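The sequence and structure are shown below.

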Amino acid sequence: MPHPLIPQIIETATPVAHRLGFDVVDAAFHTNQSPPVLRIDIRHASRDITLDDCEAMSRALDAVLDETNIIPDAYVLEISSAGISRVLSTDRDFVSFKGFPVTVITHEPFRGDMSLTGQLIKRDDESVQLNCKGRSITIPRHIINRVQFADPS
């Protein structure tokens with residue numbers, strides 16, 4: 001389960017990233033490390049992320065996080081390139097990869113399974129819809145842990 005501050009951190013980081021021409025793809029707060037590590041993954045729509053891009057995002061976001069004091073204790077901020085991720089996270093991912101084979105992993109059993117594989121039909125505010133062997137399956141988003149590309153069989 002993601003750290004409870006992640007939604008607020010993403011909400012804060014997204015406008016900073018957009019001003020620099022990036023998208024925030026993912027965030028994780030690893031509190032089991034000393035000091036804790038906040039990792040933000042970014043990408044650019046038309047080119048690879050460079051070390052200079054990561055540095056620019058780090059400086060800009062560090063200033064905003066310090067100002068908002070979302071994380072009151074010491075932590076390390078890491079900015080990295082999202083690269084090619086197996087996890088679908090953004091609205092753009094779900095539109096771009098419609099029809100691709102994906103696996104939906106849930107927090108709790110859905111129809112007796114914690115993992116369902118099928119072709120992605122769509123995602124909306126309430127659910128993710130898959131075509132599983134010719135049948136449409138609608139999985140509520142509130143029980144979904146992640147959606148990722150299916151392993152090739």
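How many disulfides does a search of the whole structure find?

## Cysteines

The search finds zero disulfides, a disulfide being a pair of cysteine sulfur atoms within 2.5 Å. Cys54 is buried at a relative accessible area of 12%, and Cys132 is likewise counted as buried, at 16%. Buried means under 20% relative accessible area, exposed over 50%, and partly exposed in between (1.4 Å probe, protein chains only).

## Basis of the model

The model is predicted: local features need pLDDT of at least 70, side-chain atom pairs count only at pLDDT 80 or more, and totals for chains, interfaces and linings use all residues. Residues are numbered from 1 along each chain as its sequence is written, and side-chain values use heavy atoms, with hydrogens and water left out.

## Nonpolar cores

A nonpolar core is a set of buried Ala, Val, Leu, Ile, Met, Phe, Trp, Tyr and Cys residues joined through side-chain atoms within 4.5 Å. The largest has 22 residues, and Leu38, Ile40, Met57, Leu61 and Ile79 have the most contacts inside it. At least two residues each come from helix H1 (6-19), strand S1 (23-30), strand S2 (37-43), helix H2 (51-68) and strand S3 (76-81). Helices (H or I, at least four residues) and strands (E, at least two) are DSSP runs, numbered from the N terminus. H1 gives the largest share of this core, five residues.

A second, separate core of 16 residues includes Phe110, Val128, Leu130 and Val147.

## Gln129

Gln129 belongs to strand S7 (residues 127-132) and counts as buried because its relative accessibility is 18%.
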